[in-house]
Amino acid sequence: MHGSWTYGQHPDAVVVGSGIIGAACAEALTRRGVRVLVLDRGAVASATTASGEGNLLVSDKPPGPELGLALASLRRWPALLAELREELGPRRAACEYERKGGLVVAIGAAQSAALHAFAAAQRAVGVEAHALAPDEFAAYEPHLTPRATAVLRYPQDAQLQPVLAATALLAAVRARGGEVRGGVAALGVRRDRHGRVRAVRTAHGDVPCGAVVNASGPWAGSFADAAGAPLPVAPRRGLVLVTAPLPAGTVRHKVYAADYVGAVGAAEADLRVSTVVEATQAGTVLIGSSRQRVGFDPAIPVTVLRALARGAATLFPLLAAVPVLRAYGGFRPYTPDHLPVIGPDPRRAGLWHATGHEGAGIGLAAATGDLLAELLTGEPPHLDPAPFRVDRPGLRGAPEAAGDAPAAGGVPAVAVRPGPGAAGAEGPVARVAAGPGVAQADGGGGGGVPLTVDGVARRARPGDTVATVLLATGRAAWRTTRGGDRPRGVFCGIGVCHDCLVVVNGLPDVRACLREVASGDVVETQRGAVLPGPGPATGAGEGLGGDGAGAAGRDGGGGAVDASGVAGSTRTAAVDGDGAHGDGGDRA
């Protein structure tokens, strides 16, 4: 074994990422007797999971594979929590689970008609959706806007506290002999001479294992790149406002505008905002939601806070006078077809993925963990895994099934065995090697893999890395340092130094020496590295509808967000804790 890593027994499986998805996978695996080690480069459950609202929803999903996964997960969550209470005790398993139900509100004839049609399609596949009569609106939400023209009630929707849920799942992992380690970055994998993953590389040394589960959330694409199996998972930023505590019953359900479904399913990178309002057991009200693909930019734009505040005051006019305590942001793992990736990677035997759930990870986690564990241990899956496979057509740039890849109807199980000893871990580093050939530097036709570099069309040979293409065009540098704006390019060539970072398909911090080019790639020069920034600014003010003297910070007290205009700005640090997001080679 390389380095100084020690572990009582080599784990059967290493789960990379300790958020709700990684925790659910680890719990489901240990329940089946698999020895598991969970790694996270940051604090446990501190990234995307810590930035979520804790929603368990079916109301926002049209008929299809994701809705099927959500229904299975909604059925599983109460039973899973009961099992955890029995095993750990009620205190350690407490996570504020509440089946409060959801209300979807339409304003205007067009929205009302679309909402009723959407609900009819959901009912056909098992979703409970009840149309309320106008004289019932106030009975369910006394402070709802009188402008509402249609309200649908979804009694299956629920809520829990996501960090408490993740830590309860991980507590069960530890109780069964597994291990959870924060502050340990997974840097990639090592393979044996047959190409099978046999260890995870970390700064503390290699961890031999029989399987690796990539549950790195928005950073899953980075870890997949490091493992030599690129995956089109990108961050999609979302922001949430938190109000001061209100009397119990002020907001009784999760309430959101009828256009929320369209915002969730939107493919464009531009900002999409749709109003979501819901109370917590502490009395605070969470106000969302926004979606925007901006890489790992941690900024909280004032324009987004304005839109969130304006929407909340539209649904609940009394919120215009309620103070805002703070605002926070997080990154959701986005995939091009809005479906998670769950199952084995046909390109790297022993590599598994559980990611891409975007904003639905909390609700989908219970069923995702079971499905991943069933496939990995050879149990019959409780639902069809085919729509979530890594080689499905809907993933732009996804791999084609080849060799021993699973057929479209399902995926084969991979037997989990105890990891090999030191001698067995001496395989080649699992990375895409920079080929000896020279990439074509012209922008014309002909064979090869088409891509663009800083807006210029190029062609590369299959198997070339991004660094190979850039070097072939005469480029020696393609990023600058955070301090001093100094040029950087390839240095180590093996993915260790992080000097060669580029932006690929909008995803920053991609190591050019490891990333194999794919058809249609858009490569751009990167300035610095996308890293956690300074803590948030805080402000003070009146309330959602007040003067808006300042924007609320993530941990601010008494901030104000004005529905018509917010003065000041706020930033929040990106918690780089759910995966293998690179931190750049130059911190100057």
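Is Glu 87 buried, partly exposed or exposed? Glu 87 is partly exposed, at 37% relative accessibility. Keep in mind that this is a predicted model; the close-ups below start from this residue.

**View 1. Arg 176 and Glu 87 join in a salt bridge.** Here the N to O distance is 2.8 Å. Glu 87 belongs to helix H2, while Arg 176 lies in the loop between helix H5 (162-175) and strand E8 (179-182). The two are 89 residues apart in the chain.

**View 2. Helices H1 and H2 pack against each other.** H1 covers residues 20-31 and H2 covers residues 65-88. Their axes are 13 Å apart, at an angle of about 65 degrees, and the crossing is left-handed. H1 brings Ile 20, Glu 27 and Arg 31 to the contact, and H2 brings Arg 76, Trp 77, Leu 80 and Glu 83. Of these residues, three are nonpolar, four are charged and none is polar.

**View 3. Asp 370 forms salt bridges with Arg 31 and Arg 76.** The closest N and O atoms are 3.1 Å apart in the pair with Arg 31. Asp 370 sits in helix H9 (residues 361-377), 339 residues from Arg 31 in helix H1. For the pair with Arg 76 the N to O distance is 3.2 Å, and Arg 76, in helix H2, is 294 residues away in the chain. Asp 370 and Arg 76 are both buried, whereas Arg 31 is partly exposed at 31%.

**View 4. A network of salt bridges links charged side chains.** Among its members are Glu 87, Arg 176, Arg 31, Arg 76 and Asp 370 from the views above, along with Arg 32, Glu 374 and Glu 379.

Definitions and conventions:
Residues are numbered from 1 along each chain as its sequence is written. This is a predicted model: local features need pLDDT of at least 70, side-chain atom pairs count only at pLDDT 80 or more; totals for chains, interfaces and linings use all residues. Side-chain values use heavy atoms; hydrogens and water are left out. Axes are lines fitted to C-alpha atoms, for helices over the stretch in contact, and angles run from 0 to 180 degrees between N-to-C directions. Helices (H or I, at least four residues) and strands (E, at least two) are DSSP runs, numbered from the N terminus. A crossing is left-handed if the near helix is turned anticlockwise from the far one by less than a right angle, and right-handed if clockwise. Contact means heavy atoms within 4.5 Å. Ala, Val, Leu, Ile, Met, Phe, Trp, Tyr, Cys and Pro count as nonpolar, Asp, Glu, Lys and Arg as charged, and the others, Gly among them, as polar. A salt bridge is a side-chain nitrogen of Lys or Arg within 4 Å of a carboxyl oxygen of Asp or Glu. Buried means under 20% relative accessible area, exposed over 50%, partly exposed in between (1.4 Å probe, protein chains only).
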